[in-house]
Amino acid sequence: MTAPTKPMQSTAADTPSAHSALHEPVITWFEDHARDLPWRRPEAGAWGVMVSEFMLQQTPVARVLPVYEQWMARWPRPADLAEEAPGEAVRAWGRLGYPRRALRLHGAALAITERHGGDVPAQHAQLLALPGIGEYTAAAVASFAYGQRHAVLDTNVRRVFARAVTGTQYPPNATTAAERKLARALLPEEERTAARWAAASMELGAVLCTARNENCGACPISEQCAWRLAGKPEHVGPARRAQSYAGTDRQVRGKLLAVLRESPGPVPRAALERVWDDRIQRARALDGLVSDGLVEPLPGGLYRLPAGPPSGQKP
């Protein structure tokens, strides 16, 4: 018979006053230690923020930086990207991974151009209505680009809140309603402060309160951290998901896309067949790329990156 789970003991970090006490040290630390990233500079604008948010999903900053710089130099405004075929977005995405993000960003650029005169909308509801934009991205753009008050809840922020407030090493594998409620409770009332808090708590999780090598000695809230005060108890519950790549359909898809990205024109199926020996897995990966709109089949056994509808026309 399984022993009943002990309820989590409340800590000082559970109280509203303790919540507000987290803001100043984290924001002050951020002002002194924030990385100089191009999407944080004023000249990036809302479009630069949006591009970075698409690229940074499940992808480290070091891999994003060169692609981001090239992307913004080529397409400094949404209308510039909207004029191109969606396949060019996939080509420019390179090896960032999860290339459907490139198609979604292209779709968002089209919608911004058609609905908002080429300017990234400032209202959260308008952002959320764009294709390919979910709650997180809408909140991030509204907060980081326009200084609004929204709970921006990515993996890094969830880990900081799990440790500092709830006293657990890791957050759940999937975002819960309780986490969203906590994020809202932690939001400062003043808009500008809330926007800085969103950026600062994310940075704290990215560079100090990391998944494997937390640096409590440099953390501005280590003295208030519920997890540290509890003796850093080990994670309990479902095992942490480990991402695999080698030998997966994702790897095969990446190899197939690499051939298409490097070709200026359509590619015969025979050229794609050379990248992977397993015929069944290769066919499954290619079918998946076609189904996702990342590859366009042509007559005669040819394939290319998606050309899409002419600029300004809906598919």
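A residue counts as buried when its relative accessible area is under 20%, and in this predicted model that cut-off places 10 of the 12 residues of helix 2 among the buried ones, so that the helix is mostly covered.

**Figure 1. Overview of the predicted chain, with its 15 helices and 3 strands.** The C-alpha atoms fill a box of roughly 70 × 55 × 30 Å along the principal axes, and 43% of the 315 residues count as buried. Of the contacts between residues at least 6 apart in sequence, 64% join residues that are at least 24 apart.

**Figure 2. Helix 2 and its buried residues.** The buried residues are Ala46, Trp47, Gly48, Val49, Met50, Val51, Ser52, Glu53, Phe54 and Met55, and they pack against helix 3, helix 4, helix 5, helix 6, helix 7 and helix 8. Following the helix is Gln58, which has a positive phi near 60°.

**Figure 3. The packing of helix 2 (residues 45-56) against helix 8 (residues 135-146).** The two helices pack at an angle of about 140°, their axes lying 9 Å apart, and their crossing is right-handed. Helix 2 contributes Ala46, Val49, Met50, Glu53 and Phe54 to the contact, while helix 8 contributes Tyr136, Thr137, Ala140, Val141, Phe144, Ala145 and Tyr146. Sorted by class, the residues of this contact comprise 10 nonpolar, 1 polar and 1 charged.

**Figure 4. Gln148 in the loop between helix 8 and helix 9.** Gln148 has a relative accessible area of 13% and is therefore buried, and its side chain is joined to that of His150 by a polar contact of 3.1 Å. Once neighbours within four places in sequence are set aside, Gln148 is in contact with Ala122, His124, Ala142, Ser143, Glu191 and Ala195.

Figure 5. At its start, a side-chain oxygen of Glu190 comes to within 3.2 Å of the backbone nitrogen of Arg192. Its buried residues are Ala194, Ala195, Trp197, Ala198, Ala199, Ala200, Ser201, Met202, Glu203, Leu204 and Gly205.

**Figure 6. Gln281 in helix 15 (residues 279-291).** Gln281 counts as buried because its relative accessibility is 10%, and a polar contact of 2.9 Å joins its side chain to that of Asp249. Apart from neighbours within four places in sequence, the residues in contact with Gln281 are Gly247, Thr248, Asp249, Val252 and Trp276.

**Figure 7. Ala79 in helix 4 (residues 78-82).** Ala79 counts as partly exposed because its relative accessibility is 24%. The C-alpha atom of Ala79 is separated by 51 Å from that of Leu229, a residue 150 places away along the chain.

Conventions. Residues numbered from 1 in each chain as written. Predicted model: local features only at pLDDT ≥ 70, side-chain atom pairs only at ≥ 80, totals over all residues. Heavy atoms only, no water. Buried < 20%, exposed > 50% of the residue type's maximum accessible area, 1.4 Å probe, protein only. Helix = DSSP H or I, 4+ residues; strand = E, 2+ residues; numbered from the N terminus. Polar contact = N/O pair within 3.5 Å; in protein donor to acceptor, adjacent residues only side chain to side chain. Axes fitted to C-alpha atoms, helices over the stretch in contact; angles between N-to-C directions. Left-handed = near helix turned anticlockwise from the far one by under 90°. Contact = heavy atoms within 4.5 Å. Nonpolar A, V, L, I, M, F, W, Y, C, P; charged D, E, K, R; others polar.
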